[in-house]
Amino acid sequence: MALEFIGIDPSTNDGNCPAVWVDKANADLLFQGWKPDEKTEEECQAHSPLPDHEAIVRVPVRMVSIIRKACDDAERRAQLLGAADLGEALSDSP
């Protein structure tokens with residue numbers, strides 16, 4: 001798997017903070033973030049049940065511009081991979 005590192009929380013001091021990558025093979029986005037508290041996770045699950053192979057992560061708002069860049073890069077990557085549209089690329093994701 002070849003990942004393109006997009007960015008890390010700009011207020012990080014020690015490198016162990018939320019970060020964003022784009023998977024070069026399929027244009028998926030990968031997020032590192034904080035685990036939510038139990039109440040927040042329960043509220044999320046009220047709208048979308050959480051299977052064992054998925055996780056909810058919290059990413060700070062100060063990363064919006066980094067996430068926007070990751071979305072733009074992922075969209076360009078999907079086009080390079082030959083997806084007719086973004087929906088096609090997304091349907092191929094796990």
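**Cysteines**

Cysteine 44 has a relative accessible area of 30% and is therefore partly exposed. The model is a predicted one. In this model, three strands form an open antiparallel sheet in the order β1-β2-β3, and helix α2 packs on that sheet. The points below begin with the cysteines and continue with the sheet, the helix, the aromatic residues and the nonpolar core.

- Cysteine 17, at a relative accessible area of 14%, is buried, because values under 20% fall in that class.
- The relative accessible area of cysteine 44 lies between the limits of 20% and 50%, which means that this residue counts as partly exposed.
- The structure contains 0 disulfides.

**Sheet order and pairing**

- The open sheet is built from 3 strands in the order β1-β2-β3, and their pairing is antiparallel.
- β1 and β3 are the edge strands, each of them pairing on one side only.
- From one strand to the next, the twist averages 20°.
- Strands of a sheet pair through backbone hydrogen bonds, in either a parallel or an antiparallel arrangement.
- Strand β1 covers residues 3–8 and pairs with β2 in the antiparallel sense over 5 bridges.
- On the β3 side, valine 22 has leucine 29 as its bridge partner, while tryptophan 21 stands opposite leucine 30.
- The hairpin of β2 and β3 has 5 residues between the strands, and alanine 27 in this hairpin takes a positive phi near 70°.
- Of the 5 residues of β2, 4 are buried, so this strand is largely enclosed by the rest of the structure.

**Aromatic pair**

- The count of aromatic pairs comes to 1.
- Phenylalanine 5 and tryptophan 21 form this pair, which is edge-to-face, with 6.0 Å centre to centre and 65° between the planes.
- The pair links distant parts of the chain: phenylalanine 5 belongs to strand β1 and tryptophan 21 to strand β2, 16 residues apart.
- Phenylalanine 5 is partly exposed at 45% relative accessibility.
- Tryptophan 21 is also partly exposed, because its relative accessibility of 21% is not under the 20% limit for buried residues.

**Nonpolar core**

- The largest nonpolar core has 7 residues, namely Ile6, Val20, Val22, Met63, Ile66, Ala70 and Ala74.
- β2 and α2 are the elements that give two or more residues to this core.
- α2 gives the most to this core, with 3 residues.
- In soluble globular proteins, nonpolar side chains tend to be buried together.
- Methionine 63, one of the core residues, touches Gly7, Ile8, Asp9, Pro10, Pro18, Ala19 and Val20, when residues up to four places away in sequence are not counted.

Methods: Residues numbered from 1 in each chain as written. Predicted model: local features only at pLDDT ≥ 70, side-chain atom pairs only at ≥ 80, totals over all residues. Heavy atoms only, no water. Pairing = 2+ DSSP bridges. Buried < 20%, exposed > 50% of the residue type's maximum accessible area, 1.4 Å probe, protein only. Disulfide = S-S within 2.5 Å. Axes fitted to C-alpha atoms, helices over the stretch in contact; angles between N-to-C directions. Contact = heavy atoms within 4.5 Å. Phe/Tyr/Trp six-rings, centres within 6.5 Å; stacked < 30°, edge-to-face > 60°. Core = buried A, V, L, I, M, F, W, Y, C linked by side-chain atoms within 4.5 Å.
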